[in-house]
Amino acid sequence: MKFTAQQIAGILDGDVVGNPNAEVSKLSKIEEGFEGSLTFLANPKYTPHIYSTKASITIVNKTFVPENALKTTLIKVDDAYLAFSKILEYYNSIKLSKVGIEQPSYISESAHYGDAVYIGAFSYISDHVKIGNHVKIFPNTYIGENVVIGDNTIIFSGAKIYSETIIGHTCVINSGVIIGSDGFGFAPNEKGGYNKIPQTGNVIIEDYVDIGAVTTIDRATMGSTIIREGAKLDNHIQIAHNVEIGKNTVIAAQSGVAGSTKIGNNCQIGGQVGIAGHVTIGNNVKIQAQSGIARNVKDNEVLQGSPALALADYNKSYVHFKNLPKIVRNINDLEKNKWE
């Protein structure tokens, strides 16, 4: 889809300087601009690129005054960064503005869906599923029995939503996500093997939750695994059975949370963090990347290391660790001198 400078200026309430009929259909960085692309200049250190960019249209602040000739058409706005963000959001909404049911797809006769939904080709909608208004389910998606999906939620291609899962409104479930798979429940038996423990619970995803690609959230053994309102999970995360993630908590990629752990509200958890089972983490906790958590954590703690220490203690200990060879030499010298 193409847009002219005049159309974009109308969306952003900006002013065109140059050709109002200049057209764009792609977005680009200013230093990588090409004909037919739209870019922006917000950071002054990128100013030299505006004189060489091949982008057809560039969004700039109203305060920008060129010192040399320009080949790009300008759209002047109050805040170029925010304006470009608005365009990104607008562009994304157009890309996602699909409506209708593509074929081939399977929708059970007992399933119900609301107005203006999109169900992509090769999707499978099982018995007694309830889908709200303006939901978008992209191709090759599986929705199991008795699943509930709230209004305005988007489920991207290849996601698997197992039975009994409840998803709130305005959620984003990215490609390859698996919600409601069996938790890791096995009991040792007298023969030295393991018996499977049935996982009879479900997963509840509250409103405004984003779940990154290829993340797995296991169903509870009994009760529910719960992701609270506003939580954001990155790609490649493992959430085990009966875990609870608090409101507005964010977890970066490749982290894992073991069974029955409770994480509070407004926590920030870095990448590759491992959290043991049956622990409680308070509110407003910050955990640095690659840390290992095996104990309960109080509100407002900031942790690093494996096993994790308070951040200040970790930094002090690390200084000593770097100096350990020197410290050992000094001790050896002292021991040697003692006997001379």
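The legends below describe close-up views of a predicted model.

**View 1. Helix H2 and its buried side.** Helix H2 comprises residues 80-95, 16 residues in total, and spans 22 Å from first to last C-alpha, close to the 22 Å expected at 1.5 Å a residue. Ala-80, Ala-83, Phe-84 and Ile-87 of H2 are buried. These four lie on the same side of H2 because they cover an arc of only 95 degrees around the axis. Tyr-81, Leu-82 and Glu-89 are exposed on the other side. The packing partners of the buried H2 residues are helix H1 (5-12) and strands E4 (26-27), E5 (37-41), E6 (57-61) and E7 (73-77).

**View 2. The N-terminal end of H2.** Asp-79 caps this end of the helix. One of its side-chain oxygens is 3.1 Å from the backbone nitrogen of Tyr-81.

**View 3. The largest pocket.** Its volume is about 160 Å³. The lining consists of Glu-89, Asn-92, Ser-93, Leu-96, Lys-136 and Ile-154. H2 gives the most to this lining, with three residues.

View 4. The bond from Gln-103 to Pro-104 is cis, with omega near 5 degrees. Pro-104 sits in the loop between strand E8 (100-101) and strand E9 (106-107).

**View 5. Two asparagines with positive phi.** Most residues other than glycine have a negative phi. Asn-248, in the loop between strands E30 (244-245) and E31 (250-251), has phi near 60 degrees. Asn-300, in the loop between strands E38 (292-293) and E39 (302-305), has phi near 70 degrees. Asn-248 counts as partly exposed because its relative accessibility is 43%, whereas Asn-300, at 52%, counts as exposed.

Technical notes: Residues numbered from 1 in each chain as written. Predicted model: local features only at pLDDT ≥ 70, side-chain atom pairs only at ≥ 80, totals over all residues. Heavy atoms only, no water. Expected span 1.5 Å × (residues − 1). Buried < 20%, exposed > 50% of the residue type's maximum accessible area, 1.4 Å probe, protein only. Arc of directions from axis to C-beta. Contact = heavy atoms within 4.5 Å. Polar contact = N/O pair within 3.5 Å; in protein donor to acceptor, adjacent residues only side chain to side chain. 1 Å grid on protein atoms, 1.4 Å probe; cavity = no way out; pocket = protein on both sides within 12 Å on 5 of 7 lines; lining within 4 Å. Points joined across faces, edges and corners; volume = space filled by probe spheres on them.
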